[in-house]
Amino acid sequence: MIKLLIADNHPITRKGLEVLFSASSNIKIVASVDNGDAILEYIKKHPVDIILTEADLPKLNGLTVLRYLKHDYPNVKTIILSGQPEEVYAVNAIKAGAYGYIHKSVNVITINEAILKVVDGGIYLSNDLTQQLAFGNRVNKGGNFYKKLSTREAEVLKLLTIGRKNKEISKELDINEKTVSTYKARLMRKLKVTNLVDLVSQAKLNSEL
């Protein structure tokens with residue numbers, strides 16, 4: 001039986017997944033949590049095979065959690081289940097240590113297939129994105145921009161776009177505030193803006209292209 005941990009800050013999403021997998025013969029939801037810290041606390045004490053998590057989580061965001069898991073729990077495999085565009089975030093999620101990226105618009109059959117593929121040692125991405133990566137053909141300009149970011153740059157940008165301050169980012173990513181400022185300056189250069197408001201606006205615009 002595959003032990004599955006669900007993480008999402010929306011109770012209705014967690015409950016929906018619990019209902020969907022309640023009749024599964026090979027996947028068992030062992031727990032559901034609502035923030036990144038809770039993921040790490042749970043797996044310290046309980047065995048888990050797969051984590052199905054939203055990217056945007058309170059306390060520790062999904063990409064930050066992936067770094068901890070990759071370092072401390074390499075046998076636990078994570079799939080991102082997110083409402084964020086796959087073209088924008090999937091590549092950076094895989095770079096950070098995820099084994100799959102699924103958009104929340106998919107059906108339960110697709111989620112089930114992704115879990116089984118990852119358990120068998122594969123990486124799950126949609127057919128469309130897999131073909132785009134294989135042929136080097138990016139139809140999404142915003143996705144193309146995000147692909148050029150390092151994993152750390154993507155983490156900082158994601159936290160800035162949800163309103164986190166330098167000090168909060170420093171604490172969450174375990175880096176000093178000066179380093180956060182350096183990443184912010186680098187992102188501004190890449191997006192050709194001169195202030196935080198424009199940086200956030202351009203980042204959101206790129207994610208919608």
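Biologist: Which elements do the buried residues of α1 pack against?

Modeller: They pack against β1, β2, β3, β4 and α5, where contact means heavy atoms within 4.5 Å. Helices (H or I, at least four residues) and strands (E, at least two) are DSSP runs, numbered from the N terminus. This is a predicted model, in which local features need pLDDT of at least 70, side-chain atom pairs count only at pLDDT 80 or more, and totals for chains, interfaces and linings use all residues. Residues are numbered from 1 along each chain as its sequence is written, and side-chain values use heavy atoms, with hydrogens and water left out.

Biologist: What makes the buried residues of α1 line one face of the helix?

Modeller: Arg14, Leu17 and Phe21 are buried in α1, buried being under 20% relative accessible area, exposed over 50% and partly exposed in between (1.4 Å probe, protein chains only). Seen down the axis of α1, these buried residues fall within an arc of 65 degrees, so they line one face. The arc is that of the directions from the helix axis to the C-beta atoms. The face turned away carries the exposed residues Pro11, Ile12, Lys15 and Val19.

Biologist: Why are α3 and α4 called roughly parallel?

Modeller: Helix α3 (residues 62-72) and helix α4 (residues 86-96) pack at about 25 degrees, with axes 9 Å apart. Axes are lines fitted to C-alpha atoms, for helices over the stretch in contact, and angles run from 0 to 180 degrees between N-to-C directions. Angles under 35 degrees count as roughly parallel, over 145 as roughly antiparallel, 65 to 115 as roughly perpendicular and the rest as oblique. Therefore α3 and α4 are roughly parallel to each other.
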